[in-house]
Amino acid sequence: EDYGEEDEEVGSPKEGLIRTVRISPLVVAEVRGYLARTGITTGPLFRGRTGQVPTSNNWCRALERACKSVGVKTVTPYGCRHFCATHLVNSSVPLGRAAKQLGHEPETLVRYYLHDVEGDEDRTLELIAGVFEE
């Protein structure tokens with residue numbers, strides 16, 4: 001299928017199911033610009049220098065080089081996904097919506113992505129205190 005739609009059908013590698021993931025118009029615009037610059041019209045969105053589909057090792061090496069080039073701690077692709085999940089929830093995105101955006105059920109999101117986050121305990125106490133202050 002052609003790129004550029006706001007909804008993209010993607011299959012979950014673990015479950016083989018088709019799911020729809022909404023993509024913000026800002027991201028769609030960025031991807032369209034990338035496609036225009038690269039001339040990609042079909043097939044994989046990201047490719048290696050010779051046009052091949054990157055392997056997971058290639059992704060990790062590329063991400064490591066990118067992190068080093070800007071002087072930040074190296075992260076993994078999974079680390080980026082974990083950050084996204086945590087950021088969505090910490091930004092008050094409803095748990096069900098955050099889970100759906102990641103292609104999970106809320107229980108899966110909680111089990112695998114929402115561990116203790118720095119500041120959670122203080123934030124929880126503030127929220128509880130706020131109930132008694134009203």
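In this predicted model, Tyr78, Arg81, His82, Ala85, Thr86 and Val89 of helix α3 meet Leu109, Tyr112 and Tyr113 of helix α5. By class, the residues of this contact are 6 nonpolar, 2 polar and 1 charged. The axes of α3 and α5 lie 11 Å apart, and the two helices pack at an angle of about 115 degrees. Their crossing is left-handed.

Helix α3, which spans residues 77–90, also packs against helix α4, residues 95–102. Here the axes come within 9 Å and cross at roughly 155 degrees. Angles over 145 degrees count as roughly antiparallel, and α3 and α4 are therefore roughly antiparallel to each other. The crossing of this pair is right-handed. On the α3 side the contact is made by Arg81, Cys84, Ala85, Leu88 and Val89, and on the α4 side by Leu95, Ala98 and Leu102. Of these residues, 7 are nonpolar and 1 is charged, with no polar residue present. Arg81, Ala85 and Val89 of α3 take part in the contact with α4, and Arg81, Ala85 and Val89 are also among the α3 residues that meet α5.

The remaining pairing described here joins α4 to α5, the latter formed by residues 106–113. The axes of these helices come within 8 Å and cross at roughly 80 degrees. Because angles of 65 to 115 degrees count as roughly perpendicular, α4 and α5 are placed in that class. Leu95, Gly96, Ala98, Ala99 and Leu102 of α4 make the contact with Pro106, Leu109 and Val110 of α5. The contact comprises 7 nonpolar residues and 1 polar residue, and no charged residue.

Notes. Residues are numbered from 1 along each chain as its sequence is written. This is a predicted model: local features need pLDDT of at least 70, side-chain atom pairs count only at pLDDT 80 or more; totals for chains, interfaces and linings use all residues. Side-chain values use heavy atoms; hydrogens and water are left out. Axes are lines fitted to C-alpha atoms, for helices over the stretch in contact, and angles run from 0 to 180 degrees between N-to-C directions. Helices (H or I, at least four residues) and strands (E, at least two) are DSSP runs, numbered from the N terminus. Angles under 35 degrees count as roughly parallel, over 145 as roughly antiparallel, 65 to 115 as roughly perpendicular and the rest as oblique. A crossing is left-handed if the near helix is turned anticlockwise from the far one by less than a right angle, and right-handed if clockwise. Contact means heavy atoms within 4.5 Å. Ala, Val, Leu, Ile, Met, Phe, Trp, Tyr, Cys and Pro count as nonpolar, Asp, Glu, Lys and Arg as charged, and the others, Gly among them, as polar.
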